[in-house]
Amino acid sequence: EETGVRNTDKIIDFSKQLSMEVLNVISSGSFPVVIGGDCSILIGCALGLKAAGIYGLFFIDGHADFVLPPSSQTKGAAGMDLAIATGYGHNSLTNINGLKPYIYQHDVTAFGNRDTATEYTRPIQRSSIGYFDLTRIREIGIEPIVNSFLKRMKAENTDGFWIHLDVDVLDDNLMPCVDSRQPGGLTYEELALTMKLLLLSGLAVGIDITILDPDLDPEAVYTTTFIEQFTGIFG
């Protein structure tokens, strides 16, 4: 009741553990791939990043995940992760270890939302986050958006940036094994272009992958395709 978020204490405990893993891997010079779970794992990843330095975030997601607790119907952190990571919400979640904000708003690009109801998008549009829903991506083009983000990372002298990838950003026909299905989405070709531009910059330090629900893909048809596509991007 105090925070407006379900399972707050457990999320804090888990985020602290995850943050240490992320910090250790980054400090060793390796590239962490954190596999979720729901989008609340971003909190622990972002907390680890802040302990290591100042990092940006390229947030690839079919939702904005910038719901604030008073507006949330589910009270689940998975719909608030970007807000929490950038300092919005109760201090118990946004200021773990006194590191608020884990990522500065102006160092974030949110990319791919296609739930464009005004009451849902208004908070993020009022923030300093670079916000590009699916319609704007198709209008502007992927390369200019990514290049603008990379230019900002260099101008801000960040230590690099993290990639958040929620697989529900993909077209629903390609990836239906998610918890909040909606029509449309990126093609694998569009995702590959986005990811390759980010990775080739040399500034990406890690990635988390969320929401792919194996219970919704009992024959692993969609999951196998995703693994092939994802590893091909890194190849």
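A residue counts as buried when its relative accessible area is under 20%. In this predicted model, Thr 121 comes out at 4%, so it is buried. Thr 121 sits in helix H5, which spans residues 118-125. Leaving aside residues up to four places away in sequence, Thr 121 touches Asn 113, Asp 115, Thr 116 and Tyr 131.

Helix H1 (residues 8-27) packs against helix H2 (residues 41-52) at an angle of about 50 degrees, and their axes are 7 Å apart. That angle makes H1 oblique to H2, and the crossing is right-handed. On the H1 side, the contact is made by Ile 11, Phe 14, Ser 15, Lys 16, Leu 18, Ser 19, Val 22, Leu 23 and Ile 26. H2 contributes residues including Ile 41, Ile 43, Gly 44, Cys 45 and Leu 47. Sorted by class, the H1 and H2 contact has 13 nonpolar, 4 polar and 1 charged residues.

Helices H8 (residues 188-200) and H9 (residues 221-234) also pair up, with axes that come within 9 Å and cross at roughly 35 degrees. Here too the crossing is right-handed. From H8, the contact takes in Tyr 188, Leu 191, Ala 192, Met 195, Lys 196 and Leu 199; from H9, it takes in Tyr 222, Thr 225, Phe 226, Gln 229, Phe 230, Ile 233 and Phe 234. The class count for H8 with H9 is 10 nonpolar, 2 polar and 1 charged. Phe 226, Phe 230 and Phe 234 turn up again in an aromatic cluster, together with Phe 31.

That leads on to the aromatic rings, of which the structure holds 7 pairs. One of them joins Phe 66 and Tyr 88, edge-to-face, at 5.0 Å centre to centre with 65 degrees between the planes. The two residues are 22 apart in the chain: Phe 66 is in the loop between strand E2 (56-60) and helix H3 (81-85), while Tyr 88 is in the loop between H3 and helix H4 (91-94). Phe 66 is buried at 1% relative accessible area, whereas Tyr 88, at 27%, is partly exposed.

Phe 149 and Phe 161 make another edge-to-face pair, with ring centres 5.0 Å apart and planes at 80 degrees. Because Phe 149 lies in helix H7 (residues 142-155) and Phe 161 in strand E5 (residues 161-166), this pair ties together parts that are 12 residues apart in sequence. Phe 149 is buried, with a relative accessible area of 0%, and Phe 161 counts as buried at 0% as well.

Definitions and conventions
Residues numbered from 1 in each chain as written. Predicted model: local features only at pLDDT ≥ 70, side-chain atom pairs only at ≥ 80, totals over all residues. Heavy atoms only, no water. Axes fitted to C-alpha atoms, helices over the stretch in contact; angles between N-to-C directions. Helix = DSSP H or I, 4+ residues; strand = E, 2+ residues; numbered from the N terminus. Parallel < 35°, antiparallel > 145°, perpendicular 65-115°, else oblique. Left-handed = near helix turned anticlockwise from the far one by under 90°. Contact = heavy atoms within 4.5 Å. Nonpolar A, V, L, I, M, F, W, Y, C, P; charged D, E, K, R; others polar. Buried < 20%, exposed > 50% of the residue type's maximum accessible area, 1.4 Å probe, protein only. Phe/Tyr/Trp six-rings, centres within 6.5 Å; stacked < 30°, edge-to-face > 60°.
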